[in-house]
Amino acid sequence: MVRENEIREKEVAVAPPQATDAGLVFIGTIRTPWTSRLVCPRQGRADGPICRIELFPPWDEALEGIDRFERLEVLYWLHQSRRDLVRQSPANNGEVHGTFALRTPVRPNPIGTSIATLVERKGRVLLVRGLDCLDETPLLDIKPDRTLFTPIAPPQPGDFETG
Ligand code: SAM
């Protein structure tokens, strides 16, 4: 059930320690059709609506070569989430689960990830499908989908370690 920052039966909130700055920089903004969590999908779909990932200068220069990848991993900051729950009740039925056993947006560091399909690049804007975040969600990072990416530098010993 969609959460709007309430605490539910049997959920556990903690007093988070003082934040230490991880040095995150919002590198852009994500424009989607969803302005409320009540209508936002819980996970993106490959056949979802086209959304816009708008890079801020100077980070747009970092898009060079991205057109080669059909799918991208997109990381974003779920900025409207509370961050203090360690046990949560997604169904709001009194049954609780540990935060790290869930893909809930409510986490100590509310980072969301999606695999998005790249439809088109228009300068500093990427048109993609497959997102599940609110309009104007801050963008943290973009990477090629790992299954499509081959390291450019030559192999190194650690690449072949097993176990
Ligand atoms: N796909 C990502 C993941 O697995 O890491 C996010 C999944 S999370 C379940 C998606 C939900 O987070 C949406 O349905 C919406 O309720 C909520 N959400 C989306 N954007 C948000 C934002 N900017 N701040 C807080 N909550 C957001």
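Glu54 and Arg52 form a salt bridge in which the closest N and O atoms are 2.9 Å apart; the term denotes a side-chain nitrogen of Lys or Arg within 4 Å of a carboxyl oxygen of Asp or Glu. The structure is a predicted model, in which local features need pLDDT of at least 70 and side-chain atom pairs count only at pLDDT 80 or more, while totals for chains, interfaces and linings use all residues. Residues are numbered from 1 along each chain as its sequence is written, and side-chain values use heavy atoms, with hydrogens and water left out.

## Salt bridges

Side chains of opposite charge can pair when their charged atoms come close. By the rule above, the count comes to ten salt bridges. Three of them are listed here with the relative accessible area of each partner; buried means under 20%, exposed over 50%, and partly exposed in between (1.4 Å probe, protein chains only).

| Salt bridge | N to O distance | Accessibility of partners |
|---|---|---|
| Glu54 and Arg52 | 2.9 Å | Glu54 14%, buried; Arg52 35%, partly exposed |
| Arg45 and Asp47 | 2.8 Å | Arg45 52%, exposed; Asp47 53%, exposed |
| Glu4 and Arg37 | 3.8 Å | Glu4 44%, partly exposed; Arg37 19%, buried |

The salt bridge between Glu4 and Arg37 links distant parts of the chain, 33 residues apart. Glu4 belongs to the segment before strand S1 (12-13), and Arg37 to the loop between strand S2 (28-31) and S3. Strands, here and below, are DSSP runs (E, at least two residues), numbered from the N terminus.

For Glu54, the 14% relative accessibility places the residue in the buried class, whereas Arg52 at 35% is partly exposed.

## The aromatic pair

A search of the whole structure finds one aromatic pair. The ring centres of Phe69 and Phe149 lie 6.2 Å apart and the planes meet at 45°, so the pair is tilted. Under the rule applied, rings of Phe, Tyr and Trp (its six-membered ring) pair if their centres lie within 6.5 Å; planes under 30 degrees apart count as stacked, over 60 as edge-to-face and the rest as tilted.

The two residues are 80 residues apart, and the pair links distant parts of the chain. Phe69 lies in the loop between strand S3 (51-55) and strand S4 (71-77), and Phe149 in the segment after strand S9 (137-144). Phe69 is buried, at 9% relative accessibility, while Phe149, at 36%, is partly exposed.

## Pockets

The largest pocket holds about 820 Å³ of space. A pocket is an open set of points on a 1 Å grid over the protein atoms alone where a 1.4 Å probe fits, with protein on both sides within 12 Å along at least five of seven lines; lining residues have an atom within 4 Å of a point. A volume is the space filled by probe spheres set on the points, which are joined across faces, edges and corners.

Lining the largest pocket are 29 residues, with Arg42, Arg103, Thr104, Pro105 and Val106 nearest its centre. Strand S7 (residues 111-122) supplies three residues, the largest share of this lining. The lining divides into 13 nonpolar, nine polar and seven charged residues; Ala, Val, Leu, Ile, Met, Phe, Trp, Tyr, Cys and Pro count as nonpolar, Asp, Glu, Lys and Arg as charged, and the others, Gly among them, as polar.

The second largest pocket holds about 480 Å³. Its lining comprises 20 residues, of which Ala19, Thr20, Arg83, Pro108 and Asn109 lie nearest its centre.

Note on methods: Helix = DSSP H or I, 4+ residues; strand = E, 2+ residues; numbered from the N terminus.
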